[in-house]
Amino acid sequence: MNNEYVNSLRKNVKKAFKDDKSRYHHTIAVANTAACLAFAHGADSEKAFIAGLLHDCAKCISDEELIHICTANNIPISEAEYASPYLLHAKVGAFYAQNKYMVEDEDILNAITYHTTGRPQMSLLEEIVFLADYIEPYRNKANNLNTVRSEAFKDIKEAIYIVTRDTLNYLKRTGKTIDSLTYDTYKFYEAETCDRDFLIATDN
Ligand SMILES: [Fe+2]
Ligand SMILES: [Fe+2]
């Protein structure tokens, strides 16, 4: 890992989160968890760490400002994002990563863009950051957290299936906005894990 570069990124993110210590702690936890998942699955741990460091870099921006940044920079806003503008912190985070933190790597930028909703057919890095955000050690509210934590290191697609299923149930239960991409991600990973289970069953 290019320690000097990564450390300067970390310091800049810390500065940006100066009024929100718990957000900074979450950020470091996601970066570390993403790097560990990268070790387990043979992904690039430096990219995973950087994506983790920057995934919430737009989280401190107000709803009005998020909409303004998107409008001014031709970043499309979905219906769900208009209803719950905080969702835009993912897209604006990728925009900041590229323009403020000078990250050029497309895979890192996509991992930031899709860290909240996921998307069908994510890259391994996207899958890692999506899960790291959900399972980092400070998280303590979600259902099935222990199962997802251990599954994330063994069967990453199964872990994403469980996370998206539980997230949709939570959003329905609490009446919160559901981004259609979350539903699409769930359907994709449900089919992935079912198809694979079917193949395993017919093999034996
Ligand atoms: Fe986030
Ligand atoms: Fe996060």
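Biologist: What makes the contact between Glu190 and Lys187 a salt bridge?

Modeller: The closest N and O atoms of Glu190 and Lys187 are 3.2 Å apart. A salt bridge requires a side-chain nitrogen of Lys or Arg within 4 Å of a carboxyl oxygen of Asp or Glu, and the pair therefore qualifies. The model is predicted, so local features need pLDDT of at least 70 and side-chain atom pairs pLDDT 80 or more, while totals for chains, interfaces and linings use all residues; side-chain values use heavy atoms, with hydrogens and water left out. Residues are numbered from 1 along each chain as its sequence is written, chains are lettered from A, and ligands are numbered from 1 in the order in which they are written.

Biologist: Where do Glu190 and Lys187 lie, and by how much of a helical turn are they separated?

Modeller: Both belong to helix H11 (residues 180-203), and a spacing of three residues places them about one helical turn apart. Helices here are DSSP runs of H or I with at least four residues, strands are runs of E with at least two, and numbering starts at the N terminus.

Biologist: Why does Glu190 count as partly exposed?

Modeller: Buried means under 20% relative accessible area, exposed means over 50%, and partly exposed lies in between (1.4 Å probe, protein chains only). Glu190 has 21% and is therefore partly exposed, as is Lys187 with 38%.

Biologist: How many salt bridges does the structure hold?

Modeller: There are eight. Among them is the bridge between Lys91 and Glu81, at 2.8 Å from N to O. Lys91 is in helix H6 and Glu81 in helix H5 (residues 79-83), so this pair links distant parts of the chain, 10 residues apart. Glu81 has 6% relative accessibility and is therefore buried. Another is formed by Lys157 and Glu127, also with an N to O distance of 2.8 Å. Lys157 lies in helix H10 (residues 156-174) and Glu127 in helix H8, so the pair ties together parts 30 residues apart in sequence. Glu127, at 2%, counts as buried, whereas Lys157, at 25%, is partly exposed.

Biologist: How do you know which residues are the protein donors of the iron ion (ligand 1)?

Modeller: Donors are N, O and S atoms within 2.8 Å of the metal (3.2 Å for Na, K and Ca); water is not among the atoms, so sites may look incomplete. Asp56 (OD), His89 (NE2) and His115 (NE2) lie 2.1 to 2.2 Å from this ion, and they therefore count as donors. His89 is in helix H6 (residues 89-99) and His115 in the loop between helix H7 (106-113) and helix H8 (124-135), so the two histidines tie together parts that are 26 residues apart in sequence. His89, at 4% relative accessibility, is buried, and His115, at 2%, is buried as well.

Biologist: Which residue bridges the iron ion (ligand 2) and the iron ion (ligand 1)?

Modeller: Asp56 does, and the two ions lie 3.5 Å apart.

Biologist: How do you know that Cys60 and Cys57 are too far apart for a bond?

Modeller: A disulfide is a pair of cysteine sulfur atoms within 2.5 Å. The closest cysteine sulfur to that of Cys60 is in Cys57, at 9.6 Å, and is therefore too far away. The structure holds zero disulfides.
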